[in-house]
Amino acid sequence: MTTPSTVDRAFEAALYDTEHTALDTGASLLAADPGADAELSRRGEEFVAAAWRRGWQPADVVRLVRRDLDDVHVRLLSALIRAQTPNDRPRGPRWQAQLDDLPTGAPPRADRFSHATAVLELYRLLLRLPALEPLEEPAAKGSRPESRMLTRIRALLAKAEATGFPQEAEALSAKAQELMARHSIDEALLASRTPAAKDAPGACRIGVEPPYEQAKAVLLDAVAGANHCRAVWNEPFGFSTVVGFEADLEVVELLYTSLLVQAQTAMTKAEAAQRAGGRKRTKTFRQSFLAAYAHRIGGRLDEAARTQVSDDLLPVLASREVAVTARLDHMFPQTTTTRLRGVSDEAGWVEGAEAADRAQVAPRRPLR
């Protein structure tokens, strides 16, 4: 009969029992046996690999660990992911971008018991990760050259952000959004004219984190819908899955990030003005602000996108919409709708709508 290793005994005590005393027991066993460190790390890499098999991606797990645990756990996780990567199969460019974005730096020095406790807390979380819808992505085959149109979009955006004249910024931003829509259409036409090309809808996950995550999910849904994509919100794990063609997924991720930053900046200024006027507005003001912002932005994006669609393009876009819907139904055969809560502040709604009218509808950071 084989004697259980220190790691096995620690896991038996700590990972399958939620009591804090059980965690202390497992940490004590590991702290007393430095010879168990290598096996403990190897088992952690196995937990990471198991998470990938269950459909999780690096950014998903980092987001969850950051929400439920502490910074030391995030750094431990990042080190595990990097250690496991050489043994992993080839992944796509989006996956590689998530690896590149992993937090850097070693966890702070701690005594052996504290370190073992943090490791076991992390492993508890990894062990309990449920299965997610897998996101298939083709393996990277070298970097894709950037189109001239994307370069023009970035240049227009830079001018819009640099100018001190709101009307000029609005005109430049509107032009940038039109080019974004044109870029999506060009990609669709190229795929339709080259049937041999394997162009099919993909999917990505975008973090939708608290506070006011419900209004943020509505904003992401509006951005996705205006750019030929569909979004499904997973509230418990803090992300939305966006389904669409790759060129559109890039635009959605970039545009949502840009608009969210603009919305939060505008909301902070609007709330400060409200307080200066003697009116105290907190959660309901912010929730109503973001809800109105999302509603108005959706209309603006739809209008900008429609300016690029002529009658001869409708069949191409319709076929892609059918493909996106089919992929969505395959990934999520059962979805539910939810009612937006907390939208009851009139001042917040008005301020949010006005901020959306001023927003720059173009991405801020470089396309990958």
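Residues are numbered from 1 along each chain as its sequence is written. Because the model is predicted, local features need pLDDT of at least 70 and side-chain atom pairs count only at pLDDT 80 or more, while totals for chains, interfaces and linings use all residues; side-chain values use heavy atoms, with hydrogens and water left out.

Starting with the sheet, its 3 strands form an open arrangement in the order 1-3-2, with antiparallel pairing. Strands here are DSSP runs of E with at least two residues, helices are runs of H or I with at least four, and both are numbered from the N terminus; two strands pair if DSSP finds at least two bridges between them. Strand 1 and strand 2 (230–234) sit at the edges with a single partner strand each, so one side of each has no neighbour in the sheet. From one strand to the next, the twist averages 25°. Strand 3 (residues 239–244) pairs with strand 1 over 6 bridges, and 5 bridges join strand 3 to strand 2. Val-242 in strand 3 turns up in both pairings, as the bridge partner of Cys-204 and of Ala-231. Strand 1 (residues 202–207) is mostly covered, with 5 of its 6 residues buried (under 20% relative accessible area, with exposed meaning over 50% and partly exposed in between, using a 1.4 Å probe and protein chains only). Helix 10 (residues 213–226) lies across strand 1, strand 2 and strand 3, and runs at about 165° to strand 2.

Elsewhere, helix 3 (residues 37–53) packs on helix 7 (residues 112–127) at about 25°, their axes 10 Å apart (axes are lines fitted to C-alpha atoms, for helices over the stretch in contact, and angles run from 0 to 180 degrees between N-to-C directions). That makes the two helices roughly parallel, a label for angles under 35 degrees. On the helix 3 side, Asp-37, Leu-40, Ser-41, Gly-44, Phe-47 and Val-48 meet Arg-112, Val-119, Tyr-123, Leu-126 and Leu-127 of helix 7, contact being heavy atoms within 4.5 Å.

Setting aside neighbours within four places in sequence, Met-267 touches Phe-285, Arg-286, Phe-289 and Leu-290. Tyr-293 is 26 residues from Met-267 along the chain, and their C-alpha atoms are separated by 9.6 Å.

Methods:
Angles under 35 degrees count as roughly parallel, over 145 as roughly antiparallel, 65 to 115 as roughly perpendicular and the rest as oblique.
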